[in-house]
Amino acid sequence: MLKNLICALILLTEIAIWPVWSHAGAIAVASAGSSVVPKFGIVVGYKTVAEAEKAAIDKCMANGGANCRVVGKFERCGAIAASDVAFGIGVGSSGRLARNKALSVCGSVECQVLDNACEDY
């Protein structure tokens, strides 16, 4: 009994000190201006969702966007696709899944993937 208790305490100690790594990502887009194709920012690899959201907004603004807002959050992969009439975002466990979802959400045969980001871990 004592041996089991000691093993359980060791296991709990190891779990408590094991580093928790987060791979937060986010996609931000600017308010539509004269074009449907948005200015955007996509990032991944941040420790918290809040850090990823801020970085995506900052990147969107650096790309010329105004009134940028977060439209998607992800842990593994994210993508954005657009055409002249629509845009869509997608997230998934792989870049291919995220890109396919973004194209599907975009909904036009003219949509093309503008960018994608994946965290490798």
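Visitor: What makes the link of Cys60 and Cys68 left-handed?

Guide: The angle about the S-S bond is -75 degrees, and the link of Cys60 and Cys68 is left-handed with that value. The model discussed here is a predicted one.

Visitor: Why is the pair Cys60 and Cys68 called a disulfide?

Guide: The sulfur atoms of Cys60 and Cys68 are 2.2 Å apart. The cut-off is 2.5 Å between cysteine sulfur atoms, so a pair within that distance is counted as a disulfide. Cys60 and Cys68 therefore qualify.

Visitor: Why are Cys60 and Cys68 both called buried?

Guide: Cys60 has a relative accessible area of 0%, and Cys68 has a relative accessibility of 13%. Buried means under 20%, so both residues receive that label.

Visitor: How many disulfides does the rule give, and how are the bonded cysteines paired?

Guide: The count is 3 disulfides. With the bonded cysteines numbered in sequence order, the pairing reads 1-2, 3-6, 4-5.

Visitor: What makes Cys77 and Cys118 a disulfide, and how far apart are their sulfur atoms?

Guide: Their sulfur atoms are 2.1 Å apart, and the cut-off is 2.5 Å, so Cys77 and Cys118 count as a disulfide. Cys77 belongs to strand S4 (residues 77-82) and Cys118 to strand S6 (residues 112-118), so this pair ties together parts that are 41 residues apart in sequence. The angle about the S-S bond is 125 degrees, and the link of Cys77 and Cys118 is right-handed.

Visitor: Which burial class does each of Cys77 and Cys118 receive?

Guide: Cys77, at 2% relative accessibility, counts as buried. Cys118, at 31%, counts as partly exposed, because that class lies between the 20% and 50% limits.

Visitor: What makes the span of helix H2 close to the expected one?

Guide: H2 has 14 residues and reaches 20 Å from its first C-alpha to its last, against 20 Å expected at 1.5 Å a residue.

Visitor: Which residues of H2 are buried, and what puts them on the same side?

Guide: Ala52, Ala55, Ala56 and Cys60 are buried in H2. They cover an arc of only 135 degrees around the axis, which places them on the same side of H2. The buried residues pack against strand S1 (24-29) and strand S2 (40-46). Ala50, Lys54 and Ala62 are exposed on the other side of H2.

Visitor: Why is the pair of Asp58 and Lys54 called a salt bridge?

Guide: The N to O distance between the side chains of Asp58 and Lys54 is 2.8 Å. The limit is 4 Å, so this pair is a salt bridge. Asp58 and Lys54 are 4 residues apart in helix H2, and are thus separated by about one helical turn. Lys54 is exposed, with a relative accessible area of 52%, whereas Asp58 is partly exposed at 36%.

Visitor: What makes Lys73 and Glu53 a salt bridge?

Guide: The closest N and O atoms of Lys73 and Glu53 are 3.4 Å apart, and the limit is 4 Å, so the pair qualifies. Lys73 lies in strand S3 and Glu53 in helix H2, so the bridge ties together parts that are 20 residues apart in sequence. Glu53 is partly exposed, with a relative accessible area of 23%. The structure holds 2 salt bridges.

Visitor: What is noted about the phi of Asn67, and why is Asn67 called exposed?

Guide: Asn67 has a positive phi of about 55 degrees although it is not a glycine. Asn67 is located in the loop between helix H2 (49-62) and strand S3 (69-74). Its relative accessible area is 62%, and exposed means over 50%, so Asn67 is called exposed.

Visitor: Why is Ala102 called buried, and which residues is Ala102 in contact with?

Guide: Ala102, in helix H3 (residues 95-106), has a relative accessible area of 0%, which is under 20%, so Ala102 is buried. Leaving aside neighbours within four places in sequence, its contacts are Ala79, Ile80, Ala81, Gly88, Ile89 and Gly90.

Methods:
Residues numbered from 1 in each chain as written. Predicted model: local features only at pLDDT ≥ 70, side-chain atom pairs only at ≥ 80, totals over all residues. Heavy atoms only, no water. Helix = DSSP H or I, 4+ residues; strand = E, 2+ residues; numbered from the N terminus. Buried < 20%, exposed > 50% of the residue type's maximum accessible area, 1.4 Å probe, protein only. Expected span 1.5 Å × (residues − 1). Arc of directions from axis to C-beta. Contact = heavy atoms within 4.5 Å.
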